Every structure is written in C-alpha cells, then in structure tokens.
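Notebook open, model on screen.

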Amino acid sequence: MESIETLTGKYGDEGDKLIFKILNSGDFLKNARIRKDVLKDVTANNFSKMDLIVGDEYPLQFLVRDNEVLPYITEKALRYDLTVPFARFVVQHQNDLTFPFKRYQIQPVWRADRPQKGRYREFYQCDVDVIGSNSLLNEVELIQIIDEVFTALGVSDFKISINHRKILAGLAESLSIGSNFSDLVTALDKWDKIGEEGVCKELDSKGVHRDGIVGIMKFAKASSLSDIDEMIQNSEGKQGIQEVDKILNDLEKLGVKSCSFNASLARGLSYYTGTIIEVTANEASGSICAGGRYDDLTGIFGMKDISGVGVSFGADRIYDLMEERNLFPADANVSTELMFANFGEAEASFCFGLLKEVRAAGINAELYPDAAKMKKQFSYADAKHIPLVAMVGADEMAKNEVTLKNMDSGEQRTVKSSELIKELKG
RNA sequence: GUGGUUGUAGCUCAGUUGGUUAGAGCACCUGGUUGUGGUCCAGGGGGUCGUGGGUUCGAGUCCCAUCUUCCACCCCA
C-alpha cells in the first residue's frame, strides 16, 4: 500500500486511471467537499433523466464529479508496480544504503482494470534494479539475466527488444513534433499490433502533421541503428544511438543473441528516460518482461541526480505461457519424497521419531495424519505422486524394521530402521 | 472506463417448440480387498438451474433488473 501521491503522475494519464484507490477508513465522507461551480445542477425540478431515478434515490454521480471528490475520500492506493515504490524506499533510506544499490523484489501489484486473457487485476512482478549508477554495464547485466532466466525456463523463442527514450525524443525533435511526444510513444508502441496504417491513423487523430507522420513511418521501419543514424541529427538522439550500440556490442561479446534493436518499441510508462527493454515470446499474450532506465524517479521524491535501471518479470504471464507449452517438469509438484503410513497411535508415534531423523537427513517426508484404511492412505500417496511409502505396523515395530514400498514399480522390501537413511540416500 | 459475452453437481458440459421426480463424464464416498495405490466391478451422496422480480395453469427454457465470467478496445507485466 502506498500514499496515493506517491503513485499518481508516474505512469501516464491512462496509468493514473488504473491505480487501485482505497477508500478512506472510518467516516470517509466527513471531510469531503466539492466546489460550488463544479456541482452538477441537479435538482428534482430540472432533472432531465427522471427515468434514472429509482424511487426516492438517484445516483450520486449526477450531483458531483468523481475527480472532484476523489482527493477527499481516498488517500491510499495499492501499488501499481514495484519500481516507483522502490524509488520512494531508496530516497527514504538513502542514508542507510550503499550505492550503487541492487535489489530484487517479488510481490503482487494491482491494476484497476477489467481482467482478460493475460491481464490480471492482481499479479506478481519480479523486479531487478540497480540504482545509483549511470553505467551501461547495468543494462548489459540485466539483459544477460533475462536471457539466462528464459533459457533456463525453456521458453525457447523469447525475444528481447531494446530501444532508447533519447532516440525517440531526438526523433520527435528532428521532426518538430515535441509537443506530441507522448502521442508518438503510445502510437509507435502499437506498431506490431495495429501495423503501419493503424499507427498513421492514430498519429493523425492526435494532430501530428503529415511530415512528422512520414518521418515516424520511416523510422519505425528501420531495422538497425545505422538506418536511423541519419534521421536523427541532434545530440540527445545521437547519445541514445551510441548507448544502444554499446549495449548491443557488449552483449555480442558475451554471446547473448536474443537481444536486438527495435525502432518501434516505445513503452507507455512515463518515467523512462534512457534504455527501454521488452521481452515477448508469443505476440498475442503481450510482454512477459519489461523495463528501462529512469533518471528522475528519485528526484521526484527528493533525491537528485540518481539514475536507476531495472526490469520486471511478469510472473503470471510467464506461468501461463509455460503451462500452455507444457514446460513445467513432471516432478515440479513432487514435494514429499517419503510418506509414513499411519497404523495407529503407537505406530504413529514410533514413525514420528523416524520422521524427524529422515527430515534431518534432508529428505522431505510426512506422516499420514490419521489411522485411515491403507487403501485411502495409498490413494493419497498416489494422488500426490509421493514416490515412497514407509509402513511400520506392529510386526515392523517389534523388529525395529521399516517396510518401504516403491510406488512406481510396486516393489517393497523391509530394512532395519537404523539403516533407513542409508537406504534412502543410496 | 467503452462495447460484447457467459452463468445448470466440486470440474467440463448436455437439457428439443416452455410440460412429470433436471442428466452425463470426471472427481468424491462406501463395498469387493482384516496392512497396499495407479486397472476393474457393484453401489452411493451431491444442484433453491448466479440473484431478485415478472409473464404463464406450468419457467433451467420467455421478459426486465442486478451481479458474475470471459473476450475485444484503452492501456499494460
């Protein structure tokens, strides 16, 4: 949970609407006020939508505008991402941290959106950030992490795209459309989805002039840095090109092949100022990891000249993708390696001693909690894919033995309980 | 936020032009097996048909409202 002012204004206009606001606790209307001049003139006499009146009640929205009352009734919100709260944390604890400061964080975030495929109201982000260093080595390292993660997970066709906000800013300046910069960003980012025609249409509707649109189209179709070099003449844009060039060169030396420059990558979040990164594996389900460099985020909270860069893995989308492609190993849900069957009170307490020893030896084990019928206990072990079941009934207990059953082959044999761990380890 | 869509057993779904006691598969439970699962056989429990109104002799089926689900847009992990 964050103060609402910590979050607003960092994610763009649309982003602000998607922040999950929390109604003040207690008598939340106590301090609510609304200016006279924004009060909608609704009275019983001039109310034009009488059909909307239900009995003696009518919707409050006809009386007040929500954006006018909102500041009075909500002062907290659920975190929209992990980056902005992280920046707030860094500023708050700046005296206790050593810079460059690195951290990872895995937590849920919330979006006040209508859920749909690949989009959740609550989902987990896994963030990795380095704050307090301008070095591009951080970008290189983060991209290397992304490459390693998706390779390890078996997502074979992932693609890492990078671009640079300074290149985009340079483009906007070169084309004299600086005032439409955010329109450029949101439109360009849809290139893969709605194509050239769609992007043109959107830019046109936002009032971008014809020459600007032509320039943007040429830019979006560029496939390499050298293609855009001549389109961008100002120093800011040139710096962006140089930075991306260096990152790509370093990655090549490291043998990372999954990353490439993508002119149409733009990213909507408004706090990015440098490199921007996005990972896709299946275009339909959107990005599964994204991030970038932000120069001013800590500045907003009162700590100047600290640059940070980070990426965020979308855990739920990655999970969906892996589930869809059957990438989870069959033994992923095997947690118990050995189950002691329960034959009754005396046998169970005997097994409890063995259970402690087995666990101390690093083997995940459990004792069935009830002295249920064997059929039920074995069904349980089977359903949970527990590979071994240990049986200690009256006979075994008397002889200090354990009967082990291999659930896969069905074989079973009896060993001395003192040999149990050796048997399991071997 | 805008447009559409869905709702029947724990899950996936049938249910004809409105007509007796709303079905199936899977899952679950019991027994066949007194200390043995994954197969098989026999039997069993479980649904105010999302909710609230209405039309009708009669509503899972038609009408209205409301909630919910999913999808697209916007935007994003």
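I began with strand 1 and strand 3 (residues 74-77), which run antiparallel and are joined by two bridges. Helices (H or I, at least four residues) and strands (E, at least two) are DSSP runs here, numbered from the N terminus. I looked up Ser3 and found its bridge partner in strand 3 to be Lys76. Two strands count as paired if DSSP finds at least two bridges between them.

Stepping back, I see three strands in an open sheet, in the order 1-3-2, with antiparallel pairing. Strand 1 (2-3) and strand 2 (21-23) are the edge strands, each pairing on one side only. I then followed helix 3 (residues 66-73), which lies across strand 2 and strand 3 and runs at about 75 degrees to strand 3. For the angle, axes are lines fitted to C-alpha atoms, for helices over the stretch in contact, and angles run from 0 to 180 degrees between N-to-C directions. Contact means heavy atoms within 4.5 Å.

**Ground rules.** I noted that this is a predicted model, where local features need pLDDT of at least 70 and side-chain atom pairs count only at pLDDT 80 or more, while totals for chains, interfaces and linings use all residues. Residues are numbered from 1 along each chain as its sequence is written, chains are lettered from A and ligands numbered from 1 in the order in which they are written, and side-chain values use heavy atoms, with hydrogens and water left out.

**Domains.** For chain A the assignment lists domain 1 (21-76), domain 2 (79-324) and domain 3 (332-425). Such bounds come from an automatic or database domain assignment. Between the centres of domain 2 and domain 3, taken over C-alpha atoms, I have 52 Å.

**Hairpin.** Strand 14 (residues 401-406) pairs with strand 15 (residues 412-416) in the antiparallel sense, over five bridges. Glu401 sits opposite Lys416 of strand 15. The two strands make a hairpin with five residues between them, and Gly410 in the turn has a positive phi of about 85 degrees.

Most residues other than glycine have a negative phi, and most peptide bonds are trans. Where is the cis bond to Pro100? I found it running from Phe99 to Pro100, with omega near 0 degrees. Pro100 is in the loop between helix 4 (83-92) and strand 4 (101-110).

Asp305 is not a glycine, yet its phi is positive at about 55 degrees. I placed Asp305 in the loop between helix 12 (297-300) and strand 10 (308-314). Asp305 is exposed, at 77% relative accessible area. My cut-offs: buried is under 20% relative accessible area, exposed is over 50%, partly exposed is in between (1.4 Å probe, protein chains only).

His385 also went on the list, with a positive phi near 55 degrees. His385 lies in the loop between helix 15 (374-383) and strand 13 (388-391), and is partly exposed at 48%.

**Helix 4.** Is helix 4 mostly covered or uncovered? Mostly covered: seven of its 10 residues are buried. Among them are Phe86, Val90 and Val91. Their cover includes strand 1, strand 4 and helix 12.

**Cysteines.** I counted zero disulfides, a disulfide being a pair of cysteine sulfur atoms within 2.5 Å. Cys259 is in none, and the nearest cysteine sulfur, on Cys289, is 11 Å away. Cys259 is buried at 11%, whereas Cys200 is partly exposed at 23%.
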